[in-house]
Amino acid sequence: MQFVHLSDTHLGYMQYGLEDREQDFYEAFNEIIDRILSEHIRIVIHSGDFFHTPRPPIRALKIAQDGLLRLHERGVHVIIVPGGHDTLRRRGLPPLSLYERFGIKVLSRSNFYTKIGNLCIIGLQHYPKIYWSNPELRKYLDKYSSFVENNDCAKRILVMHQGLYPYMKYGYELTIDQLPKNFDYYALGHLHKRIKVSYGRGILAYSGSTEIVEMSEIEEYKKNGKGFYIVDFSGDVPDVQNVNLSCIRPQYEIEWESVKLEDLLLAIKDILEKETFAKKPILHIRVYNRLIDRLTIEKMFGTRFKNNFLKIRIVTSLEEKSVSETLILDRERLDLENILLNRFKNNELVSFINVILSSLKENDVKSAINISKKVFDEGSWKRWIDAFKEVET
Ligand SMILES: [Mn+2]
């Protein structure tokens, strides 16, 4: 028996405000649907971030509808867990609910499994990183672990949209060893790179995003490609094959260290001479530790190479080379966390403060109030009184 595992399709994402980029994500999705049908796969599992936002553009809804309908008409089972991007913070229907009439199964905490013969597919929607996410997730995972033992599940798949340590270094919700070990395939989403490791009775895999969502994915894409997995369950251990998409728009990153424009021009010509492209690439020029007139250079190069590149972007970093943007962000976040931790010496309380701060930063007062209510209702605050007392004295 075979199934497809895909994830992070991010339909509706208009990268750099470009319509062509929005189109790229649709093309990747359509290529996947074509491949699923030509390979005669009967089961498709999507592990979240189907749409880029909880309110996708109509075009994204239409592309999704057309693709899912094609699968439905050929009798393909489609099982999806909502990711962070597809989940509304406030009450309301998630866009995926539009397609349940095509037999799309959206798994959630209250509706956590589906059985196809004696194949059990269990999944839960994305849990954001908040201080109770780890204990709650583990509670659900325990429940699922005993469920598959007690319900005639010869083969078992667990579908999740979460960050796992060690594949995610900061901001993960679970560590890998906290997952139950009695599943045959762990279909994960959230991380955009492809990861495949042995775990439990079988394989744990992130199938990655289906297009390049962030600059940090460029290098990994060159190595591993982008696409989905075809998993074969006929042997004892699942066999996981990469399927690479052919429509991915190439992206390049040049580090411009010298001050001379000619050096930059040479580097650009080098890319253009070495390769031929089905789609015009995007070029990121990274400048370190130097203030330049970004817009003027972007415009100048954009005009000069408009037949060669879809977009040329200048990315300035005022940091030393080799320190990536994400590292800087993590460092800032960690600094705040450290300051709070030094003061309060209580992980739970610090995590609570962090959630409140980030909700308020996004103007999401309602979430901040809900979380505070939860803390009061469950009495967690009682455990924090000592932390405050110690600071006062
Ligand atoms: Mn994603």
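**A walk through the chain**

Among contacts in the chain between residues at least 6 apart in sequence, 68% join residues at least 24 apart. Keep that figure in mind as you look at the structure, which is a predicted model.

Let's begin with the overall dimensions. Taken along the principal axes, the box filled by the C-alpha atoms is roughly 70 × 65 × 40 Å. A compact globule of 393 residues would have a radius of gyration near 21 Å, and the chain has 23 Å, which agrees. Of those 393 residues, 32% count as buried. The secondary structure comes to ten helices and 17 strands.

Now for the strands. Strands of a sheet pair through backbone hydrogen bonds, either parallel or antiparallel. You can look for an open sheet of six strands, with the order β4-β3-β2-β1-β13-β14 and mixed pairing. At its edges stand β4 (105-106) and β14 (239-244); each has a single partner strand, so one side of each is left without a neighbour in the sheet. The partner of β4 in that order is β3, and you can check this pairing yourself: strand β3 (residues 77-80) and β4 run parallel and are joined by two bridges. Find Ile80, and you will see that Val106 in β4 stands opposite.

Another pair of strands is worth a visit. Strand β15 (residues 251-255) pairs with strand β16 (residues 282-288) over five bridges, in the parallel sense. How does the chain get from β15 to β16? The path goes through helix α5 (residues 261-274), making a β-α-β crossover that is right-handed. Within this pair, Gln251 stands opposite Ile282 in β16.

Finally, let's look inside. In soluble globular proteins, nonpolar side chains tend to be buried together. Here the largest nonpolar core has 61 residues, and the members that touch the most others are Leu11, Val44, Ile45, Ile122, Ile157, Val159 and Tyr186. Which helix gives the most to this core? That is helix α1 (residues 19-38), with six residues.

Leaving aside residues up to four places away in sequence, Ile157 touches Ile45, Ile121, Ile122, Phe183, Asp184, Tyr185 and Ala187. Two of these neighbours, Ile45 and Ile122, are also among the core members that touch the most others.

There is also a second, separate core of ten residues, including Leu283, Phe309, Leu310 and Ile312.

Technical notes. Residues numbered from 1 in each chain as written. Predicted model: local features only at pLDDT ≥ 70, side-chain atom pairs only at ≥ 80, totals over all residues. Pairing = 2+ DSSP bridges. Helix = DSSP H or I, 4+ residues; strand = E, 2+ residues; numbered from the N terminus. Right-handed = clockwise from strand over helix to strand, strands pointing away. Rg over C-alpha atoms; globule rule 2.2 N^0.38 Å. Buried ≥ 20, exposed ≤ 12 C-beta atoms within 10 Å, placed from the backbone. Contact = placed C-beta atoms within 7 Å. Core = buried A, V, L, I, M, F, W, Y, C linked by C-beta atoms within 7 Å.
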